[in-house]
Amino acid sequence: MTTTTTAPVVHALAFMNGDEFRIPVFTLLKRDGTPYKHAKLPDLDEAKALRIYRAMLFTRVLDERMLAAQRQGRLSFYMQCTGEEATIIGSAAALDDEDMIMAQYREQGALAYRGFGVDEFMNQLFGNELDLGKGRQMPVHYGSKDLHYMTISSPLATQIPQATGYAYGQKMSGLGHCTLTVFGEGAASEGDFHAALNMASVHQVPVIFLCRNNGYAISTPAHEQFSADGIAPRAFGYRMKVVRVDGNDILAVYQATREARSWAVENNRPVLIEAMTYRLAAHSSSDDPSGYRSRKEEEAWRDKDPVLRMRLWLEKQGWWSEEDEKREQETRRREVLEAMKRAEKRPPPPLESLVADVYDQVPPLLAEQFDKLKAHVRKYPESYPKGARSLNADSQGSGGGEHA
């Protein structure tokens with residue numbers, strides 16, 4: 001009857017509303033760190049488990065200190081991963097290190113797991129001369145070519161179709177890698193989401209779409225975003241494998257992502273994962289969640305803290321102790337504070353970096369605009385103190401002796 005399906009023919013009219021497809025939540029660990037009866041835990045050795053947990057602790061400490069720095073006026077902007085660490089770090093740990101990660105903006109835990117150093121975090125946040133992005137991005141827009149972590153961009157959901165395209169290239173290379181792209185349930189309301197899933201399914205590429213469903217698109221609750229049963233059922237419209245997982249259960253996230261990766265790479269097919277979690281912090285340092293959610297709701301989710309759940313599991317394995325926890329917390333706090341002080345003192349990138357890296361040689365028109373910019377900065381150095389210092393340093397370094 002049609003060219004795209006093999007649907008049976010019926011002669012009695014019947015409408016369907018999707019209730020036939022109720023997707024369960026996959027979970028392994030209880031809140032006290034003990035496994036559910038009949039739960040089969042993933043094969044996770046002590047070394048990897050501790051690597052995961054240390055990344056979780058580091059991310060929690062980094063978030064606490066950087067939000068405080070923003071409130072002190074030392075940082076312009078920040079976004080916390082607090083409450084979502086298991087979703088982000090658990091999924092990253094399930095990948096191979098060469099797999100690409102395309103994040104949204106609250107996935108610093110994945111970078112921490114892959115080895116992004118505390119100084120690298122700070123250099124980006126403060127946009128100094130050692131920032132890999134050369135100060136061109138606002139804070140938390142990290143990126144690392146060496147760690148296969150695509151630089152974050154602010155426009156919502158743009159990374160989702162980009163992940164499909166990148167995964168197509170991975171398929172063509174035949175090296176057995178995949179792409180994981182992370183986004184919120186709010187981003188799943190963007191057209192980019194649907195275009196990406198359709199392209200991935202039609203062209204059969206190894207990409208994992210990880211929806212971090214934390215219940216809110218900034219201040220808009222999920223029930224005001226869509227009336228369906230979450231994001232997971234949308235996979236059926238694209239004939240895509242899907243799983244819904246407890247996003248605060250690190251072992252469940254790890255196992256689900258590991259299995260999704262195997263399927264994606266071995267079959268060159270996409271997978272959708274919906275991780276049910278909650279952001280314990282505000283959407284960003286510019287947000288006040290008290291205006292749209294209650295303290296009671298927040299406290300209920302604090303009891304499901306993913307970091308505490310993994311810590312309790314580790315202790316039951318004999319791999320972690322109260323002393324280990326205290327020592328790690330103190331060490332991480334000291335490292336973050338010391339790195340922040342170093343980053344604050346470093347000068348900004350040279351002003352010339354504004355026009356570098358795009359063309360082999362700076363075009364005449366761009367060079368003319370840059371000369372006008374330098375003249376403007378020299379005329380009003382008090383309004384552009386960092387730019388003026390950069391020009392001054394360049395002039396002294398070249399022997400010109402100019403001063404802004």
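**Figure 1. Helix H13 and the lining of the largest pocket.** Helix H13 contributes 5 residues to the lining of the largest pocket, the largest share. The model shown in this and the following views is predicted. The elements that give two or more residues to this lining are H4 (118-126), H11 (322-345), H12 (364-379) and H13 (385-397).

**Figure 2. The space inside the largest pocket and the residues around it.** Rolling a probe the size of a water molecule over the atoms shows where empty space is left. In the predicted model, the largest pocket holds about 640 Å³ of space. Its lining consists of 34 residues. Those that lie nearest the centre of the pocket are Phe 126, Gly 127, Pro 348, Pro 349 and Lys 386. By residue class, the lining comprises 16 nonpolar, 10 polar and 8 charged residues.

**Figure 3. The two domains and their part in the largest pocket.** The protein chain is divided into domain 1 (23-28 + 42-218 + 228-285 + 292-345) and domain 2 (351-397). Taken over C-alpha atoms, the centres of domain 1 and domain 2 are separated by 36 Å. Each of these two domains supplies at least three residues to the lining of the largest pocket.

**Figure 4. The packing of helices H1 and H11.** Two packed helices are described by the angle between their axes and the distance between the axes. Helix H1 spans residues 46-71, and its axis comes within 9 Å of the axis of H11. The two axes cross at roughly 45°. Because angles under 35 degrees count as roughly parallel and those from 65 to 115 as roughly perpendicular, H1 is oblique to H11. The crossing in which H1 passes H11 is right-handed.

**Figure 5. The packing of helices H1 and H2.** Helix H2 covers residues 85-93, and the axes of H1 and H2 come within 10 Å. These axes cross at roughly 140°. Angles over 145 degrees count as roughly antiparallel, and H1 and H2 are therefore oblique to each other. H1 passes H2 in a crossing that is right-handed.

**Figure 6. The packing of helices H1 and H4.** The axes of H1 and H4 lie 13 Å apart, and the helices pack at an angle of about 30°. Since an angle under 35 degrees counts as roughly parallel, H1 and H4 are roughly parallel to each other. The handedness of the crossing of H1 and H4 is right-handed. Helix H4 is also one of the elements that give two or more residues to the lining of the largest pocket.

Technical notes. Residues numbered from 1 in each chain as written. Predicted model: local features only at pLDDT ≥ 70, side-chain atom pairs only at ≥ 80, totals over all residues. Heavy atoms only, no water. 1 Å grid on protein atoms, 1.4 Å probe; cavity = no way out; pocket = protein on both sides within 12 Å on 5 of 7 lines; lining within 4 Å. Points joined across faces, edges and corners; volume = space filled by probe spheres on them. Helix = DSSP H or I, 4+ residues; strand = E, 2+ residues; numbered from the N terminus. Nonpolar A, V, L, I, M, F, W, Y, C, P; charged D, E, K, R; others polar. Domains from an automatic or database assignment. Axes fitted to C-alpha atoms, helices over the stretch in contact; angles between N-to-C directions. Left-handed = near helix turned anticlockwise from the far one by under 90°.
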